[in-house]
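Dear colleague,

Here is the structure I promised to pass on to you.

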Amino acid sequence: MDSIVVRGNGPLNGQIPIAGAKNACLALMPATLLSDEPLTLTNAPRLSDIATMTQLLQSLGAEVTSMQDGQVQAMSCHGAINTRAEYDIVRKMRASNLVLGPLLAREGRAEVSLPGGCAIGARPMDIHTDGLAKMGAEIDLRDGYLHAKADGGKLKGAVIDFPFASVGATENILMAATLAKGTTVINNAAREPEIVDLATCLRAMGAQIDGDGTSTITIQGVDRLHGATHRVVTDRIELGTYMLAPAICGGEVELLGGSIDLVGAFCEKLDAAGISVEETEKGLKVHRKNGRIRAVDVVTEPFPGFPTDLQAQMMALLCTAEGTSVLEEKIFENRFMHAPELTRMGANIEVHGGTATVTGVDKLKGAPVMATDLRASVSLILAGLAAEGETRVGRVYHLDRGYEQVVRKLSGVGAQIERVHGE
Ligand code: EPU
C-alpha cells in the first residue's frame, strides 16, 4: 500500500489548477442511461471513483470511452441494457446508487445493491426510495438488493417533499423525473452546484427542468432525451482544500478555475480566520493576512452553508490558530476520524458527539498517521505541510478516490511531498 510523505518547509507560492468536480461527474455519468444517443463529458477528473462508475455503467451495457488521458468521458447506451447493479461494484462506492433513478426511468425496473454503511456514517437510502415510491415505483429489499418496478412500466410525476435536502436523492429523483409521465416537484431539494450542473446537462439532453439551485425543482417529463456534450463544473471541494495550503503554510497561491460563488460560506470563515481571498481573471488568489490564524467556529450545513466535505481540512487549519474553535458536524454522524490522527501530530482536540473543540497550538509535529476516508486523508497532508519534521500518511487509496495528482499539484507550489510505493 502506498504512503504519502510530507515535510513542512515554509511558504507555498505559485498556481494550482483545479479539476472538474468528482461529485458532479459521478451524477452526470449515469445520465447516459437516460438516452440511446451519446453523452460526452469534458473536464472530467481522473480519479479512481470515476473508474468505478465507468465499470458499473459498462456492467449495465453502456459503452464508455475515456479520451485525452481520462479528461473526456464519451458514453453511449444504445443497446439493450442490464438492470442489475451488482454488489461487487456498488460496495466500492456509494455513488453507484445514482443508477437507480435512471434505470427505473428507462426500463421501468432496476435491481440495485444497497451499498451498506461507510466510515463517515450509516447513510441510508430512504429518501431516494420514498421519493421513487411516490412516483409509482414498488420497491422491496431482498437479498441485499433494492428491487424496484414502476407501476405500469413507467414512472409518474409526483409532488415529493424531502425531509432533508439530500444531494443523492435530489439527483436520483431529478434523473428519474425527466422521463416520467407528467410533472414532478421536489420540495426541500438540495441546492449544491453539482445539482445545478446535472440539471444543466439534462436540459442540454432535452429535459424540461426549472428551479435547480433553489429548494423547489420542477421537472416536466418528456418522451425521450437526446445526446449532448457537457463540461463538468469545477470541483469546489478540491478548490477549498488547496485554498487552505497557503492559509496553513504562508505564501500566496492562485487556484486556477476557482470562483467565490462555489465556496462562499467557506470564504467567510477564511476571512474571519485572517485569510485573504481575492478573485482574479484566472481564479482565486489566497494568502494569510498578518500574523497567526484566528480561531473560528464552524457548523456544517447543506449548500450554501459550510460544506461537510471541507470540515476535516478546516480542522487542520484551526489546529494552529490562536484561541479555541468549535466545529459542529451536522451532516454525518461519524466524521471526526481525522481528529485522533491530528492529535498524534500534537493538536489539542476534544470530540463529544458531533462537536469538536480545537484549541490551537504553536506548532504541529510530524508523525506517521493513517487516512480513514477521502477528506480525512487530505486534511492530514495539509497538517503535515505545516508540521515540523516528517509526516507519513498511510492508506492513500482513499485520496486517489477524490484528488488527482496531489503530489504534482502541491510540489508545483513548493511543497516537499512524495508518494512512496508499497510501504
Ligand atoms: N440521508 C438519509 N437518507 C437518505 C439519504 C441521505 O438519511 O436517503 C442522510 C445521510 O445519511 C447523511 C445526510 O442525509 O447523513 C446527507 O446525505 P446526502 O444524501 O446529502 O449525501 P450523499 O448524496 O450520500 C453527497 C456527496 C458527499 C457529500 C454529501 C453531502 C456524492 C457522490 N457524495 O453524498 O461527498 O459529503 O453529498 O454534501 O455526491 C465526499 O466527496 O467526500 C463525500 C462524502
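**Around the ligand**

Sorted by class, the residues that form the shell around the ligand are ten nonpolar, five polar and six charged. Please keep in mind while reading that this is a predicted model.

The ligand has 21 residues around it, and those that come nearest are Asp126, Ser166, Asp309, Ile331 and Arg375. On its own the ligand has 830 Å² of accessible area, of which the protein covers 85%. Two or more residues of the shell come from each of the elements α1 (22-28), α5 (126-134), α6 (167-178) and α12 (374-386), and among these contributions that of α5, with three residues, is the most.

As a general background, nonpolar side chains in soluble globular proteins tend to be buried together. In this model the largest nonpolar core has 75 residues, and the members with the most contacts inside it are Leu57, Val99, Met135, Leu155, Leu174 and Leu202. Helix α6 gives the most to this core, with six residues, and α6 is also one of the elements that give two or more residues to the shell around the ligand. If neighbours within four places in sequence are left aside, Val99 is in contact with Pro30, Leu33, Leu56, Leu57, Leu60, Ala85 and Val112. Another core, of 68 residues, lies apart from the largest one and includes Leu317, Val361, Val369 and Ala371.

**Helix α4**

Helix α4, which spans residues 100-107, is mostly covered, with six of its eight residues buried. Those buried residues are Leu100, Gly101, Pro102, Leu103, Leu104 and Ala105, and they pack against the strands β7 (109-113), β8 (137-142) and β9 (145-150) as well as against the helices α5 and α6. After α4 comes Gly108, whose phi is positive, near 75°.

With best wishes

Methods
Residues numbered from 1 in each chain as written. Predicted model: local features only at pLDDT ≥ 70, side-chain atom pairs only at ≥ 80, totals over all residues. Heavy atoms only, no water. Near = heavy atom within 4 Å. Areas by Shrake-Rupley, 256 points an atom, 1.4 Å probe, with all protein chains shown as cover. Helix = DSSP H or I, 4+ residues; strand = E, 2+ residues; numbered from the N terminus. Nonpolar A, V, L, I, M, F, W, Y, C, P; charged D, E, K, R; others polar. Core = buried A, V, L, I, M, F, W, Y, C linked by side-chain atoms within 4.5 Å. Buried < 20%, exposed > 50% of the residue type's maximum accessible area, 1.4 Å probe, protein only. Contact = heavy atoms within 4.5 Å.
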